[in-house]
Amino acid sequence: MPGRTRRNIADIVSLALYSRGRLQALRQELGLDYDQLERGILHIYTDRDEFSRAVEAARVMRQFGLDRDTVDIDQCLAIEPALGG
């Protein structure tokens, strides 16, 4: 992974973590109560090469403090049963 890409990922992760923290603080400060979910986003790849690049990007994001998991088909179906048809 080129150094510039790695730096961009570090910046994106930093911004994402800051933004998430500010939103959580704002909800608490203002006593906002709504049906927010904090389960993450499920990205689905149908192309092996794209998936491979995403796996590497996720690995780098974890190094910068952002929890990102790579899951297989069975785990996808456990997370989102509606994908099973």
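What percentage of the 85 residues in the protein chain is buried?

1. Buried residues make up 13% of the 85, where buried means under 20% relative accessible area, exposed over 50% and partly exposed in between (1.4 Å probe, protein chains only).

2. The model is predicted: local features need pLDDT of at least 70, side-chain atom pairs count only at pLDDT 80 or more, and totals for chains, interfaces and linings use all residues. Residues are numbered from 1 along each chain as its sequence is written, and side-chain values use heavy atoms, with hydrogens and water left out.

3. The protein chain has three helices and zero strands, in the order α-α-α along the sequence. Its radius of gyration, 16 Å, is well over the 12 Å that the globule rule gives for 85 residues, so the chain is more spread out than a compact globule. Helices (H or I, at least four residues) and strands (E, at least two) are DSSP runs, numbered from the N terminus; the radius is taken over C-alpha atoms, and the rule is 2.2 Å times the number of residues to the power 0.38.

4. The structure holds one salt bridge, that is, a side-chain nitrogen of Lys or Arg within 4 Å of a carboxyl oxygen of Asp or Glu. Glu-56 and Arg-59 form this pair at 2.5 Å, N to O. Both lie in helix 2 (residues 48–63), three residues apart, and are therefore separated by about one helical turn. Glu-56 is partly exposed at 27% relative accessibility, and Arg-59 is likewise partly exposed, at 35%.

5. Along the principal axes, the C-alpha atoms of the protein chain fill a box of roughly 45 × 40 × 15 Å.
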